Amino acid sequence: MKKAILALALGLCTLGTARADTVKIGLLAPITGSWASEGQEMKKNVELLAAEVNAKGGVAGKQVEVVVEDDGGDPRTASLAAQRLTTQGVVAVVGTYGSAVTEATQNIFDEAGIIQIANGSTAVRLTEKGLKNFLRTCPRDDEQGRVGAMVLEKMKAKKIALLHDSSAYSKGLADEINALLKAKKANVVFFDALTPKEQDYSAILTKLKAAGPDVVFFTGYYPEAGLLLKQKKQMGWKVPFIGGDAINNPDLVKIAGKEAAEGFQFLSPPVPKDLDTPEAKAYVVSYQKKYGEAPQSIYGVLAGDGFRVIVAALQASKGAGGEPLRAALGALKDFPGYTGKIAFNAKGDRVGELYRVYKVDKDGGFVLQK
Amino acid sequence: MEQFLEQLTNGLAVGSIYALIALGYTMVYGVLKLINFAHGDLFTYGAYLGLTLLTSFMLQDRLGLALGILVLAAMVMGLVAVVGVVLERAAYRPLRESPRLSAVVSALGASIFLQNTLMLIYGARYQVYPDVLPQDAVHLGGLTIPLVRVGVVAVSVVMMTVLYLFVQKTKIGTAIRAAAIDQGAARLMGIDVNRVIMIVFVIGPALGGAAGLLVGLYYGQISFTMGWTYGMKAFTAAILGGIGNIPGAMVGGLLLGVIEALGAAYLSVAWKDALAFAVLIVILIVRPSGLLGERVAEKV
C-alpha cells in the first residue's frame, strides 16, 4: 500500500514537471448570463493574443496556456469559478467585467497570491481595500463621475435627473456624480433606480417626465439604455439622455433603433475603431482576420491589454508569479497598450485619463466628441 | 391625475403580459400540482421563434400587416406548443409517479437546458426585432398612449377570454377541469388523463409563446435570459390570483402590473418590486389560497 502511494506521489511529481513548461494565465469572464456577449469577446481577445505570444516562442521560454472559467455575470458563480482557478496553478487572472462580480473574487485571488487584473470593473472601492494583488486596466468611476459632471455642466442643464440600476457600478457612478453636482449646487430633481432586465420602463419614464428634467443621466448598462431610448421616443418625449461607459456597445443602437438613439451621448474609453496607435490598428486587423468581425467592445480589448501587461511582466519576472510579478507590473512605465499607455499606481489603478465623450449620429455610429 | 392614468395604462400593458404567462403556470399546476419552472423559457422560445420566422418569411410584407402577424402568431404558438409537449414527455411524464420534488428539480433542469440551448443556437447577444408595428400613439385628453400598447392589452384579453370559454364550455375543457379536481376519479369516468395533460401542455406553452412574440414585437429587444424575470413575475401573478385558477391568473397578472406601475410612480422606482411583493404577502396572509383561489373549489 505504501509503495502504491509512493508511486502515485512520484507519478504526480513527474506530471507536475511535465506541465511546468507552460505558464498558466486564467481568464474569468461572463461567458454565459446576460453579459455573455462581453465575456465571449473577452475570451476571443485573450485567446488571440495568447496564440500570438505562443507563436513568438511564448514568455520566458514557456508556452502560455489560457485557462478560461465562466463567472456567469453572477457573484456566486464567480466565487466558485475563482476557487477553481486557484487550484489550477494559474499565476495571474484577467477579469472580470462587472464590479459586483469582481468584488466576489478579489479576496480569493489575493489570498492565493494570484495577480488579478480586472478589465471592466470600474467601481471605486475595488482598489481602496489595500489588496496587493489586484489591478485593473479600466479607469475608475470617480474619474468617470468627474467627466460626467463636467459634461452636464457644459450642457448648462438647470434640472438634472440621475437614474441608476442599483448595481455596484451603476449606483457608485450615480452617487459620484450626485455628490459632485451637489457640491456645485446643481439642481438634481430626480434620483432613483430601475430594475435591470425588465423590458417595460414606461412607468419610470412617466415618472421622470413628471419631474421635468432638462437632461437625464443614466448610469446603467446598454440593454436598459436602449429600451429607455426607444420607449422615450414612443412616448414622444424629447429630453436628451447621457450615459456612462457601460452603454458603450453597438447593440445599443440595434435595441433603440437609429432614430431613437440619435443624439444620445455617453462617456467611455475610446471604442475599438478609435484606437489610434499603429499597434492597435494592426491588432484590430488581425482580430478581424481571425474572427470575421472587428472587436465590438472596448472591454474585450481591455481584457487583451490586461493579458499583455501580464505577459510583459512575466517576461521581466522570468516567469515567476506572486511578488516578483506584482513588482514587475508596478514597474511598468508607458507600456504601449492597445487602449493607450498603461502604468499602474500603488493601489493598482491605471494611471492617466481615458474617458472620452461619444455621441450617436443619425446613422447609429459612435462619434468621438472633441 | 394625468400621471395616474398614464401609469395605469403602463401597468395594464405589462400586467396583461404577466397574465398570459401566468396562465401557463396555473394550468399546469391545476392539473399536475407541478410548478413548471421551464415555462418562462417557453415564453423566451416564443420570442426567438417569432424573430426567426418574422425575418425569414417577411409575412407582414406578403400578406399585409394584420394577416401576416396573425399567421406568424399561429406558427409561433404551434411550434412552442410542440416544444411544450416534448418537454412534458421528456422531463415530466417519466416522473409522474415519483415524489413531487423530483419533478420540480426536473423542471429547473429543463429550464437551464432550454435557456442554454437557445444561447448556443442564437448566441449570447441581445436580439432585436425589426420595427413592424406602427409607432403611432393615441391622444386622449392630455394622455399619450402608444397604439401598440392598446394592441397588447386587447390581444391578451381576447386570448384569455377564448381560453376561459374553452375551459368552461367545451367537452375537452370539462375534461381538463375534471382531471384537475381528481385525476383518479376522472380516469374512472373514462377520461384519458394523459391526453388531458398533453392538451394542457399545448395550451399553456402556446399562450406563453404568444406572450413572447408580443414582447418581441412591442419592446423589440429579447435575450435568452428574459424568461427568468418574466417567469418570476408571472409565477407571482399566478399565486396572487390563486394558483390553479384561470381567472385568478388573469386578475393576478393585471393587478401585479398595476401595483408595480403605481408603486414606481408614487413610491420609489427602486422599491416597486418590494411593494409588489409586500402586497403579495399581505394578500396571502389574508387569503392563503390567493385572491380567487378557493380551498375546495375546482382548480384550473
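How many of the 300 residues of chain B count as buried? The share is 52%, where a buried residue has 20 or more other C-beta atoms within 10 Å of its own, an exposed one has 12 or fewer, a partly exposed one falls in between, and C-beta atoms are placed from the backbone. Please keep in mind that this is a predicted model, in which local features need pLDDT of at least 70, side-chain atom pairs count only at pLDDT 80 or more, and totals for chains, interfaces and linings use all residues. Residues are numbered from 1 along each chain as its sequence is written, and chains are lettered from A, with ligands numbered from 1, in the order in which they are written.

**View 1. The overall build of chain B.** Chain B has 12 helices and four strands; helices (H or I, at least four residues) and strands (E, at least two) are DSSP runs, numbered from the N terminus. With a radius of gyration of 19 Å, close to the 19 Å that the globule rule gives for 300 residues, chain B is as compact as a globular protein of that length. The radius is taken over C-alpha atoms, and the rule is 2.2 Å times the number of residues to the power 0.38. The C-alpha trace of chain B spans about 60 × 50 × 35 Å along its principal axes. Of the contacts in chain B between residues at least 6 apart in sequence, 76% join residues at least 24 apart; a contact means C-beta atoms, placed from the backbone, within 7 Å.

**View 2. Where chain A touches chain B.** Chain A brings 32 residues to the contact and chain B brings 34. On the side of chain A, at least two residues each come from α2 (36-55), β7 (187-193), α7 (202-211), α8 (222-235) and α9 (251-256). The residues on this side of chain A are 10 nonpolar, 14 polar and eight charged. Here Ala, Val, Leu, Ile, Met, Phe, Trp, Tyr, Cys and Pro count as nonpolar, Asp, Glu, Lys and Arg as charged, and the others, Gly among them, as polar.

**View 3. A cis peptide bond in chain A.** Look for the bond from A:G95 to A:T96, which is cis with omega near 10°. A:T96 sits in the loop between β3 (90-94) and α4 (99-111) of chain A.

**View 4. Positive phi at A:K318.** A:K318 is not a glycine, yet its phi is positive, about 55°. This residue belongs to the loop between α12 (298-316) and α13 (322-331) of chain A. A:K318 is exposed, with 12 other C-beta atoms within 10 Å.

**View 5. Positive phi at A:D334.** In the loop between α13 and β11 (335-337) of chain A you will find A:D334. Its phi is positive, about 50°, although A:D334 is not a glycine. A:D334 is exposed, with 11 other C-beta atoms within 10 Å.

Note on methods
Contact = placed C-beta atoms within 7 Å.
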